[in-house]
Amino acid sequence: MPNKAFELNGTTVYPGERQTIDLQVAQLYTHTPLSIPVQVVCGKRPGPTLLVCAAIHGDEINGVEVIRRLLKLKTLNRIRGTLVAVPIVNVFGFIHRSRYLPDRRDLNRCFPGSQEGTLGGRIANLFVSNILERCTHAIDLHTAAVHRDNLPQIRVRMQHEESAEMARAFGVPVILNAELREGSLRETADKHDIPVITYEAGEALRFNEVSIALGVRGVTNVMRQLGMIPVKTGRPERKFKPAVAKGSRWVRAEIDGILRPVVQLGARVEQGETLGVIGSPFGTQDVLVTAPHHGIVVGRVNLPLVNEGEALFHIARFDKVGEAERQMEELVSEVTSNAELDPDNLPIV
């Protein structure tokens, strides 16, 4: 049985074809049309329709590079089902190197949107009705916000069984069982019963090679789990069981000042351990920032200048902290030791 054709914006992509389609969302003041670029890879044989999207926050660019590398993989020539790749959802933010839309709204709080709402609501509605609703599974690629950094991690509602399976298949050591955020793409996909996961890694406006390489491999791992691309042969698979966090908490600044962090991203910390010190430029009134519980630092601020109440360190709690730490160290070493960082050649997780 052949795969079904995929239709988008008046263009039909037939089985065995690949096309790039522009989905017009608005126009600039200059009357120049502005479009969301979408590449559709339609396999000859039937299978799932997987959405992989990035830059819902326009300054989160790691995912753009993940999708670029994904689309270059030779294994896509044998794909089952359909891959719908959207490297830049928030084209306004991407152009201006901004997380937000021109009206300062967060697009990832505008879903599912409406045809007559704000700019964000209209873009969200267009994206949901034209793309998301036509897919069977979804992977949303993100980084931390500006001046922050995230350890490679998956965020998912583990109560959704198929989403949980995708999270485990992705193959990074840390999974956060994260509540659904109102207005997010993940919440809208979940309401449509579309299995969805969010990959968080790296920082805004910067490429991080490890985060990108793990992202490409993670997406292909999910595609194999869904039966969309062939399982690799000739290489032994490493047994890998991600650690699911029991919870997480941001540690916030108690005073204004200059932060001197003493722990790195991915560090294992114990309750009461010093994470950093906040003080004045004169070296007076130093205040220790300490861990409220044991866990792993999965997010961290990079800018030393902090205000009272600002989120500084994101610590995830695990039953077996040491195991999660060990697996992350092994995985990062495995990726960085490969000179080409070619996902076609990286070991399977």
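Is Glu65 buried or exposed, and what is its relative accessible area? Glu65 is buried, with a relative accessible area of 10%; buried means under 20% relative accessible area, exposed over 50%, and partly exposed in between, with a 1.4 Å probe and protein chains only.

The model is predicted: local features need pLDDT of at least 70, side-chain atom pairs count only at pLDDT 80 or more, and totals for chains, interfaces and linings use all residues. Residues are numbered from 1 along each chain as its sequence is written, and side-chain values use heavy atoms, with hydrogens and water left out.

**Salt bridges**

Side chains of opposite charge can pair when their charged atoms come close. The whole structure contains 11 salt bridges, a salt bridge being a side-chain nitrogen of Lys or Arg within 4 Å of a carboxyl oxygen of Asp or Glu. The table gives examples.

| Pair | N to O distance |
|---|---|
| Glu65 and Arg69 | 2.8 Å |
| Arg69 and Glu209 | 2.7 Å |
| Glu200 and Arg155 | 3.8 Å |

Glu65 and Arg69 both belong to helix 1 (residues 62-70), where they are 4 residues apart, about one turn of the helix. Helices (H or I, at least four residues) and strands (E, at least two) are DSSP runs, numbered from the N terminus. Arg69 also counts as buried, at 18% relative accessibility.

Glu209 is partly exposed, with a relative accessible area of 34%.

A salt bridge also joins the side chains of Glu200 and Arg155. This pair links distant parts of the chain, with Glu200 in strand 10 (residues 196-202) and Arg155 in strand 8 (residues 148-156), 45 residues apart. Glu200 counts as buried, at 9% relative accessibility.

Through shared partners, salt bridges join Glu65, Arg68, Arg69 and Glu209 into one network.

**Nonpolar surface patch**

Ile258, Leu303 and Leu305 make a nonpolar surface patch of about 230 Å². Patches are made of residues with over 30% relative accessible area and no salt bridge; like charges are joined within 9 Å, and nonpolar side chains (Val, Leu, Ile, Met, Phe, Trp, Tyr) within 5 Å. Accessible areas come from the Shrake-Rupley method with a 1.4 Å probe, and for residues only the protein chains shown count as cover. Leu303 is placed in the loop between strand 17 (295-301) and strand 18 (305-306), and counts as partly exposed at 31% relative accessibility.
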